[in-house]
Each structure stands twice: as structure tokens, then as C-alpha cells.
Amino acid sequence: MALLCVSSPFYVVWSCFSILYLILVQSHTASSAILISLKNHHKDHKRMPILKSNQTSCNMFLGSWVRDDTYPIYHSSDCPVVDPGFNCQLYGRPDSDYQRYRWRPSGCELPRFSGLDFLLKMKGKTILFVGDSLGRNQWESLICMISAAVPLSATQIMRGEPLSTFKFLGKRVLRLEDISGNGNAWRGVDVLSFNSGHWWSHTESLKGWDYMESGGSFYQDMDRLVAFQRGMSTWAKWVDSNVDRSKTRVFFQAISPTHDKVSPAEWSSAASVSKNCFGETAPLSGVTYPGAYPDQMGVVESVLRGMSTPAYLLDITGLSELRKDGHPSIYSGNLSPEQRANPARSADCSHWCLPGLPDTWNQLFYTALFF
């Protein structure tokens, strides 16, 4: 089974660690594709999910978090691929209870993840993750979950810097109606799992373009929700026209929520002195988040409804909103001592610790794939 993670300018600025690291540069567009493989393994947050194609006898996306001391199913120290930015225990997070929660849907139980079963079912097949650093968060989580089941299996991983190349850099143009160059890397796999969202809101130095191009016109910027909708529509048309759905399963992961710039009305925890995820050690109780539901989810749901064959929505937004305790906060390898001393500005409340919440995303992914 091969696990592939592709970072493209259409979705992402960041790149992921991989076995094979390949940078593709297109005219006027900065883009990258990364291939990785594990060799030879035998606005209303209370709304109900609206995509009927996801419905079974149990709505696995509606439920609550319960403590389960059989979790986590792996430790970051035993996993071959955990970025420093996700390795909270290694970098000093003092609590670990955030690792010991299991998602329980209302009215049913999810099958427990089996890495060995996953390998056997996916033998000889390929999974491609396409998206941003949250996609990399999930990709690393899945590798960790599988590795825990077969710790002595032979694997191959190649880490290295990209080729050193001298370039005369032009302006970077984000083409909202052109996905063909990146789409070529998505062909011929058995499962496609897409995500997007966070990259579209980046500003200043984190912004991955100099101009946007839409309808033949160039813009220094535009309403980001409009840009996201146009980009998502381009993606959906490409999938409908180019993916053989009798051979390839297509998933779209819902928007992963952040827990920064939190209003005091959203959480009652006295620990949230930084008005973000710093100091949070337990999930919110109940089944709904008291804050705002991501506007981008309206775009995602609308675009998926309009597809001739909708991608399966892995609807992790609501359950993830409850996990204010699961972020790296200041406990990542990317911060200086000065940054750690200022959690109000430096806490990472966007990504997730591993082991942690992305493990549940993969349990849901596993359930949707095979059950």
C-alpha cells in the first residue's frame, strides 16, 4: 500500500515530509507535489448534516466525546513520521488526557481502528492525500496508526532537501479556474482524500500568491470566501470530468476548526487566560460548539451538492470544534523560548497533537471506506 501526500498551490503553502519529495514548478504558478509510500505492506453550528449520501443507520458525525483509557493506540515516540510541530509530548506538554478520548456517535459505536486490517484491505492500492498542513496532520496520523499495528514491518522513508536550483522568480499567480497541472498528480489512485480551507485565509508573508486570476482578470486580492468557492468549483468540475468513480473513491474532509481568538462567551474554562487554546486540557461537553460554525463549510456543502457524483464528506468539523484541548499550543518544536513565554501570540491552535484528534478522523475515514 502506498500513502501519498500531495501539496499543491491550489490548496497549500506548506509541504509535508515524505519518502519522495518532488517540487513541480509551473509557469507563473508556484506548485509542489509530494509522493510518499510505505513499501510492500501485506453560519449555524447546530445544523444537521445535509448530505444524504453520508447517511447510514447511524449518523457517525453526531455524538459526543467519552474518555477511553485504551487510547492512544500509538505513542509519538514510536511513530516514524511526526513533525516537531505536532509532537506535543516531546516538546513539553505537561498533560496527556487529551489523548484518551474516543468519539461515540449517538446511537451506535464505531469499529475500532485496526492497522493490520487496513493494510490487508489496501494491499497493492494507493491513497492520495491532497491539501494543506492539516492534510499532512492527518497523513502522519494514519501512518502512525498503521505503524503501531506492524512495528517490525519493513518500510522505506527518504527525507531530504529539494534540489538546489537557481531561479529568476516571477510573480505567483493563483489561477482559480485552472487545476489541470496539479490534477495530473491525482490520476490513477484507488482513494482520493481532499481537504482545503485554511490556506485560503492566510495573509501577508503566509499568503501563497501575489495575484489571483479569475475569468481572465488579475486581482491583488478578493473576498476570500468568493475565491474559495471559485477554487472549489474548479476542483469539483475536474473530479467529475477526470475521476473514474467506479475505480476511485473520493473523499472531502470538512474544515478543521481553530481555537484561537476565542470569545469568553464560548468557553467557561478559567484556563483560557490567553483567549485561545493555551492551558486547555479537556474537551467541551455536549454535542454542539457554542461558537461560530466555519463559513467555509457552506461553500464546501454547496459545491459537493452540485457535483454529478458528490465526494463523500468526512464531516469532522462539529466533533473537532469540541476539542479545544487537542492543539499543540506552545508545545511544538517550532517555538523559541521567547515565543513559548507569550502563548497569547504564539500558541498553535490550528494544528493538532499526535496522538490526538486526527486519529479519530482516520477512524471515521476507515469506517467510511470499509464499513
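**Chat: helix packing, cavity and backbone**

Colleague: How close do the axes of H2 and H9 come, and at what angle do they cross?
Modeller: The axes of H2 (residues 133–149) and H9 (residues 357–370) come within 9 Å and cross at roughly 75 degrees. Axes are lines fitted to C-alpha atoms, for helices over the stretch in contact, with angles from 0 to 180 degrees between N-to-C directions. Helices (H or I, at least four residues) and strands (E, at least two) are DSSP runs, numbered from the N terminus. This is a predicted model: local features need pLDDT of at least 70, side-chain atom pairs count only at pLDDT 80 or more, and totals for chains, interfaces and linings use all residues. Residues are numbered from 1 along each chain as its sequence is written, and side-chain values use heavy atoms, without hydrogens or water.

Colleague: So H2 and H9 are what to each other?
Modeller: Roughly perpendicular. That label covers 65 to 115 degrees; under 35 is roughly parallel, over 145 roughly antiparallel, the rest oblique.

Colleague: Which residues make the contact?
Modeller: From H2, Leu 134, Asn 137, Gln 138, Ser 141, Leu 142 and Met 145. From H9, Pro 358, Asp 359, Trp 361, Asn 362, Gln 363 and Phe 365. Contact means heavy atoms within 4.5 Å. The contact residues of H2 with H9 split into 6 nonpolar, 5 polar and 1 charged. Ala, Val, Leu, Ile, Met, Phe, Trp, Tyr, Cys and Pro count as nonpolar, Asp, Glu, Lys and Arg as charged, the others, Gly among them, as polar.

Colleague: New topic. Which residues lie nearest the centre of the largest cavity?
Modeller: Tyr 71, Tyr 101, Gly 356, Asp 359 and Thr 360, out of 15 lining residues. A cavity is a set of points on a 1 Å grid over the protein atoms alone where a 1.4 Å probe fits but cannot get out; lining residues have an atom within 4 Å of a point.

Colleague: Which element gives the most to that lining?
Modeller: H9, with 4 residues. The lining holds 8 nonpolar, 4 polar and 3 charged residues.

Colleague: Where are the cis peptide bonds?
Modeller: One joins Tyr 71 and Pro 72, omega about 0 degrees. Pro 72 is in the loop between E6 and E7. Another joins Leu 354 and Pro 355, omega also about 0 degrees. Pro 355 is in the loop between H8 (343–346) and H9.

Colleague: And what is phi of Ser 329?
Modeller: Near 55 degrees, a positive value in a non-glycine residue.

Technical notes
1 Å grid on protein atoms, 1.4 Å probe; cavity = no way out; pocket = protein on both sides within 12 Å on 5 of 7 lines; lining within 4 Å.
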